[in-house]
Amino acid sequence: MSAVDSLTQPTSVETHREGAFGHAIGLACRECGHEIALGPHYACPECFGPLEIAYDFPAITREQIEAGPANIWRYKALLPVPADIEQSPNMEPGYTRLLKANNLGAALGIDNLWVKDDSTNPTNSFKDRVVACALSAATEFHSKVFACPSTGNLANAVAAAGARAGIKTVVFIPANLEQPKQVNSAIYTDSLVAVNGNYDDVNRLASEIAGEEDGWAFVNVNVRPFYAEGSKTLGYEIAEQLGWRLPDQIVIPVASGSQLTKVHKAFQELIKLGLVEDKPYRVFGAQATGCSPVSVAYKAGVDAIRPVKPDTIAKSLAIGNPADGIYVLDICRETGGAVEDITDDEVRAGIVLLARTEGIFTETAGGTTVGVLKKLVETGQLDTTLDTVVINTGHGLKTLDAVSDRVGAAAVIEPSYAAFVATGIA
Ligand SMILES: Cc1ncc(COP(=O)(O)O)c(C=O)c1O
Ligand SMILES: [Zn+2]
């Protein structure tokens with residue numbers, strides 16, 4: 001069987017436990033609608049388009065959700081996971097805080113601004129959400145290895161979740177990745193593989209291994225449809241934490257584009273299920289100029305995305321050939337949002353701005369998102385009178401080097417009052 005065949009052949013569901021995937025009923029092609037049975041596949045056998053989970057949702061109430069645990073499993077009825085998902089060892093990510101960011105709002109001139117702070121997840125990024133859903137699928141597929149190509153945060157999340165679940169993990173990263181992100185993987189796994197190349201090279205290698213090796217679940221390759229659903233929980237939480245209503249505007253970082261498309265999908269599902277009122281909202285994508293293929297296509301007014309070679313300090317967003325880029329374009333255009341990009345200096349300034357206004361230390365991805373938020377205001381693309389949410393997807397302790405020069409050195413003094421006064425700080 002060729003590598004492509006092995007990724008697209010339908011498998012039978014017989015070997016799976018009844019209800020193993022909750023209310024999911026199959027995999028549907030995003031391009032042509034062709035459906036196949038649930039299995040470790042991501043590409044349509046008819047047109048090679050991306051596969052997405054299709055559901056037959058039951059009626060569900062706000063009260064049922066609110067009675068659930070303070071993690072993503074409160075939304076388990078809307079995810080491809082079994083009803084007893086809480087019983088399997090997992091990282092219990094999610095239900096992170098949604099902070100009203102009045103200081104950042106004032107600094108930027110936005111009337112009502114919230115930060116969804118996903119840096120407080122177990123491995124300090126939103127990736128714990130997607131990995132928890134991928135792990136559930138990998139378990140049901142009896143995978144023997146839990147793996148990923150990663151720009152850093154995903155590797156951390158896979159390695160930790162695999163350790164807790166007792167499944168072998170192998171994580172692949174670009175060799176030039178920030179040291180803290182490497183250590184944050186190596187602490188959980190013996191099998192950290194640093195590849196001489198950029199993320200797109202690492203991703204190609206992972207697809208090849210997935211085709212050659214039996215029983216490997218690459219979370220964002222052959223179990224990608226299951227993995228991607230985890231990002232919907234960000235959208236569900238934001239709506240629930242706003243008091244079961246959608247924001248008017250939301251700013252989301254874009255690497256592969258998966259997260260942005262899934263937050264939109266979550267909002268649409270909540271509307272269809274009658275859990276929130278149907279109303280317009282605008283979705284904005286954030287990229288760093290050194291890796292901005294989606295922003296470039298958006299600004300050029302074209303539908304095709306031309307892959308780029310990344311060159312930016314926002315390494316977690318450095319995907320030059322984004323799998324879901326075209327869907328990001330569609331969503332941002334259809335909702336009246338935009339895709340914008342900023343320089344590395346603006347990324348650093350974004351990190352410092354969020355820290356000094358809200359006491360949140362974000363990584364370069366968050367610096368990108370906050371910096372883009374600022375640029376959207378300055379360029380008149382964002383309506384400052386509308387309720388706006390910005391997502392912080394990762395933690396600044398993983399990208400210290402990005403800002404260590406910027407925040408200045410400590411004032412080193414002798415232990416005397418006179419020496420302190422001499423600093424001029426008082
Ligand atoms: C911190 C952080 N934010 C955002 C993203 C973007 O995710 P996506 O690939 O879903 O666009 C990533 C991806 O690696 C990330 O690590
Ligand atoms: Zn298709």
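## Around ligand 1

By class, the shell around ligand 1 is made of six nonpolar, eight polar and two charged residues (Ala, Val, Leu, Ile, Met, Phe, Trp, Tyr, Cys and Pro count as nonpolar, Asp, Glu, Lys and Arg as charged, and the others, Gly among them, as polar). This is a predicted model, where local features need pLDDT of at least 70, side-chain atom pairs count only at pLDDT 80 or more, and totals for chains, interfaces and linings use all residues. Residues are numbered from 1 along each chain as its sequence is written, and side-chain values use heavy atoms, leaving out hydrogens and water.

In total, 16 residues surround ligand 1, and N153, S256, G257, Q259 and T393 are the closest (a heavy atom within 4 Å makes a residue near).

## Oxygen atoms and their partners

Which side chain has an N or O atom 2.9 Å from an oxygen atom of ligand 1? That side chain belongs to N153. T151 places a polar side-chain atom 3.1 Å from a ligand 1 oxygen, while S258 has a backbone N or O atom 3.4 Å from one. Taken alone, ligand 1 exposes 390 Å², and the protein buries 98% of that (Shrake-Rupley method, 1.4 Å probe).

## A salt bridge

Side chains of opposite charge can pair when their charged atoms come close. Here, D84 and R17 meet in a salt bridge, 3.4 Å from N to O (a side-chain nitrogen of Lys or Arg within 4 Å of a carboxyl oxygen of Asp or Glu). The structure holds 28 salt bridges.

Terms used: Chains lettered and ligands numbered in written order. Polar contact = N/O pair within 3.5 Å; in protein donor to acceptor, adjacent residues only side chain to side chain.
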